[in-house]
Every structure is written in C-alpha cells, then in structure tokens.
Amino acid sequence: MSLILRPMTRADLPEVAALEAEVFGEEAWTPQMLSDELDQQPASRYYLVAVEGGRIAGYAGLLGAGWQGDVLTLAVATGHWGRGIGSALLEALLAEARRRGCTEVFLEVRTDNHRAQRLYRRHDFTEVGIRRGYYQPSGADALVMRRALPPGAEAAGPAGAGAAGPGGDTGEGS
Ligand SMILES: CC(C)(COP(=O)(O)OP(=O)(O)OC[C@H]1O[C@@H](n2cnc3c(N)ncnc32)[C@H](O)[C@@H]1OP(=O)(O)O)[C@@H](O)C(=O)NCCC(=O)NCCS
C-alpha cells in the first residue's frame with residue numbers, strides 16, 4: 001500500500017484528533033487547539049498528514065516563520081510504527097523549513113521518549129538543553145534539540161516536489 005503525504009485540512013481534524021488522543025494520552029492537544037493551529041496555516045504553520053489506504057497513519061506540524069523553525073508535533077499511529085512514516089514526515093517538514101528560509105530547526109521531546117529521540121538523532125538533531133516540567137499535566141521534562149539547516153542546502157522545486165513532499169508518494173509500505 002502506498003503512502004501519500006499531503007497538507008492537513010479541516011476535514012482531517014476529527015481523524016487527527018482521535019489519533020492525537022491515542023498517541024499522546026493525557027498530554028494530547030484538544031480538537032480546539034488543533035483547529036487553532038490550522039488557522040495559522042500557511043502563514044506560520046505547515047501541517048501534513050500521511051495517508052495510507054485512505055486512512056491517516058500519521059501527521060506532523062512545523063512552525064516556520066523567520067530564520068528559526070520548530071517541529072511542533074509528529075505522531076504515527078501505533079500500528080504503523082517502524083516503517084519510515086515518522087522519518088518521511090520529519091524530512092518533509094525539514095524541506096519546508098528550508099523553503100521558508102529557516103537556518104535552524106528546534107524541537108522538544110520528552111526526556112523519557114527514547115524512540116522519538118532516536119528518530120531525531122538519526123536526522124541530525126542534537127541536544128541543546130532541558131526544559132523542566134515542560135509537559136502538562138505530567139510535569140515531565142523536555143529535551144530541546146536543534147538541527148542546523150545550512151544556507152545553500154535548499155530543497156529544489158516548489159512545495160510538494162520531491163519523494164517525501166505533500167502529495168508525493170514516498171513508496172514506504174508499498
Ligand atoms: C516517534 C514516532 C513518530 C516514530 O514514528 P515511526 O513511523 O515509527 O518512525 P520510523 O519508522 O521513521 O523510524 C522508527 C524506527 O523504524 C525503523 N525504520 C524506518 N524505516 C523503516 C522501514 N522502511 N522498514 C523497517 N523499519 C524502518 C527505523 O530504523 C527506526 O528504528 P530505530 O528507532 O530503532 O532506529 C512514533 O513512534 C510515534 O508517533 N510515537 C508517539 C508520539 C511521539 O512520541 N511523537 C514525538 C513527539 S516529540
């Protein structure tokens with residue numbers, strides 16, 4: 001089955017909110033928070049969904065305005081883990097950050113989320129600090145990670161071009 005990455009729309013919100021609750025539990029964003037995020041797209045936000053077999057298997061969001069980008073969220077449905085969907089979404093966000101002129105991208109990840117940290121390290125993010133009590137209501141700490149996006153490494157072509165771009169077919173899972 002092929003995987004499609006495409007921009008998230010309002011019609012996706014019920015499915016995304018259900019996945020958000022499944023993956024993040026008590027720390028999940030509410031449907032209203034997700035909706036507020038989409039209000040800011042495309043000006044400062046870039047949200048993608050990964051669709052497989054007509055269902056949303058994952059999603060991710062970038063804050064990209066100015067030279068500094070931020071990976072706001074990244075989630076894959078548990079039954080789809082380990083097949084490269086998280087990597088494809090992250091690469092697509094990084095490509096968009098480059099297109100928007102960001103020269104560095106930050107993210108926060110729970111200090112006990114070793115799986116996600118492995119994914120980020122594989123994509124050249126390095127630790128730059130700790131935010132104590134960042135996650136609520138658990139009070140869990142966040143590791144802050146950063147990846148430089150050197151000028152001159154811009155992705156070729158407009159948004160949507162490339163193997164992992166929105167609307168593109170990564171070939172994963174086929
Ligand atoms: C973290 C998360 C997004 C990773 O998503 P994913 O789709 O499983 O990520 P990937 O498949 O790209 O990579 C994960 C593993 O699969 C392996 N993998 C990648 N592509 C693969 C493929 N085509 N075939 C088999 N394995 C593959 C990778 O080697 C990696 O293994 P490793 O972590 O042991 O090195 C997902 O686990 C998740 O949603 N977790 C809960 C939410 C969360 O923690 N989000 C991050 C918040 S900061």
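These questions and answers walk through a predicted model of a protein and its ligand.

User: How many helices and strands are there in the protein?
Analyst: Start with the order of the elements. From the N terminus on, they run β-α-α-β-β-β-α-β-α-β-β-β. The count for the protein is 4 helices and 8 strands.

User: What share of the 174 residues in the protein is buried?
Analyst: Buried here calls for 20 or more other C-beta atoms within 10 Å of a residue's own. Among the 174 residues, the share that is buried comes to 30%.

User: Of the contacts between residues at least 6 apart in sequence, what share joins residues at least 24 apart?
Analyst: Contacts here are C-beta atoms within 7 Å. Among those between residues at least 6 apart, the share joining residues at least 24 apart is 61%.

User: Which residue of β3 is the bridge partner of L48?
Analyst: Follow the strands in turn. β1 (residues 3-7) and β2 (residues 45-52) pair antiparallel over 5 bridges, and P7 has L48 as its partner in β2. Next, β2 and β3 (residues 55-64) run antiparallel, joined by 8 bridges. There, the partner of L48 in β3 is A60.

User: Which residue takes a positive phi in the hairpin of β2 and β3?
Analyst: The hairpin has 2 residues between its strands. The phi in question is near 60°, and the residue that takes it is G53.

User: In which sense do β4 and β5 pair, parallel or antiparallel?
Analyst: β4, α3 and β5 make a right-handed β-α-β unit. D70 stands opposite F106 in β5. Over 4 bridges, the sense of β4 and β5 is parallel.

User: Which residues form the covered face of β5?
Analyst: Strand β5 spans residues 104-110. E104, F106, E108 and R110 lie on its uncovered face. The covered face is V105, L107 and V109.

User: Which residue in β7 is the bridge partner of R110?
Analyst: β5 also pairs with β7 (residues 142-148). That pairing is antiparallel, with 7 bridges. In β7, the partner of R110 is A142.

User: Which element gives the most residues to the shell around the ligand?
Analyst: Of the 18 residues around the ligand, W81, G84, G86, S87 and A116 come nearest. The elements giving two or more residues to the shell are β4 (68-76), α3 (85-99) and α4 (114-122). With 4 residues, the element that gives the most is α4.

User: How many residues in the shell around the ligand are nonpolar?
Analyst: Sort the shell by class. It has 5 polar and 4 charged residues. The nonpolar count is 9.

Methods: Residues are numbered from 1 along each chain as its sequence is written. This is a predicted model: local features need pLDDT of at least 70, side-chain atom pairs count only at pLDDT 80 or more; totals for chains, interfaces and linings use all residues. A residue is near a molecule or strand if its C-beta atom, placed from the backbone, lies within 6 Å of it. Ala, Val, Leu, Ile, Met, Phe, Trp, Tyr, Cys and Pro count as nonpolar, Asp, Glu, Lys and Arg as charged, and the others, Gly among them, as polar. Two strands pair if DSSP finds at least two bridges between them. A residue is buried if 20 or more other C-beta atoms lie within 10 Å of its own, exposed if 12 or fewer, and partly exposed in between; C-beta atoms are placed from the backbone. A crossover is right-handed if, with the strands pointing away from the viewer, the path from the first strand over the helix to the second runs clockwise. Two residues are in contact if their C-beta atoms, placed from the backbone, lie within 7 Å.
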